[in-house]
Amino acid sequence: MKEEYTNLLTSKQLEFLANQLHRLGDHWVKLVRTVMRRGKYSNYEAIELNELGRLVKGKKNTIDNIII
């Protein structure tokens, strides 16, 4: 099944992801780098990125300030 990348990454989103990259655990780093390289993301990735945003904003699920 081919995944559709219908959502374009805005410059504000790109900046946010780049600024958070140093705080992310392995799973998140892979997702963020893939999305940043591609410049767009699928609906599934949008759900994952929204979850990442909630974790960063709430500083939840962290160990020594690293989002896991």
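## How the helices are placed

Axes here are lines fitted to C-alpha atoms, for helices over the stretch in contact, with angles running from 0 to 180 degrees between N-to-C directions. Helices are DSSP runs (H or I, at least four residues) numbered from the N terminus. This is a predicted model, in which local features need pLDDT of at least 70 and side-chain atom pairs count only at pLDDT 80 or more, while totals for chains, interfaces and linings use all residues. Residues are numbered from 1 along each chain as its sequence is written, and side-chain values use heavy atoms, with hydrogens and water left out.

Two packed helices are described by the angle between their axes and the distance between the axes. For helix 2 and helix 3, the axes come within 11 Å and cross at roughly 120°. The pair is therefore oblique (under 35 degrees would be roughly parallel, over 145 roughly antiparallel, 65 to 115 roughly perpendicular, and the rest is oblique). Their crossing is left-handed, meaning that the near helix is turned anticlockwise from the far one by less than a right angle.

## Where helix 2 meets helix 3

Let's look at the residues in contact (heavy atoms within 4.5 Å). From helix 2 come His 27, Trp 28, Leu 31, Val 32, Val 35 and Arg 38, which meet Glu 45, Glu 48, Leu 49, Glu 51, Leu 52 and Leu 55 of helix 3.

## Two salt bridges

The structure holds two salt bridges (a side-chain nitrogen of Lys or Arg within 4 Å of a carboxyl oxygen of Asp or Glu). One joins the side chains of Arg 38 and Glu 45, at 2.9 Å from N to O. Arg 38 is partly exposed at 27% relative accessibility, whereas Glu 45 is buried at 8% (buried is under 20% relative accessible area, exposed over 50%, partly exposed in between, with a 1.4 Å probe and protein chains only).

Glu 51 and Arg 54 form a salt bridge as well, with their closest N and O atoms 3.1 Å apart. These two are separated by about one helical turn because they sit three residues apart in helix 3 (residues 43–58). Glu 51 is partly exposed at 32%, and Arg 54 is exposed at 51%.

Thr 34 belongs to helix 2 (residues 26–38) and is buried at 18%. Its side chain reaches the backbone oxygen of Lys 30 at 2.8 Å.

Arg 23, in the loop between helix 1 (11–20) and helix 2, is buried at 10%. Its side chain makes a polar contact with that of Asn 65 at 3.0 Å (N or O atoms within 3.5 Å; within protein, one must be able to donate a hydrogen and the other to accept it, and residues adjacent in sequence count only if both atoms are side-chain atoms). Beyond its neighbours within four places in sequence, Arg 23 is in contact with Val 56, Lys 59, Asn 65, Ile 66 and Ile 67.
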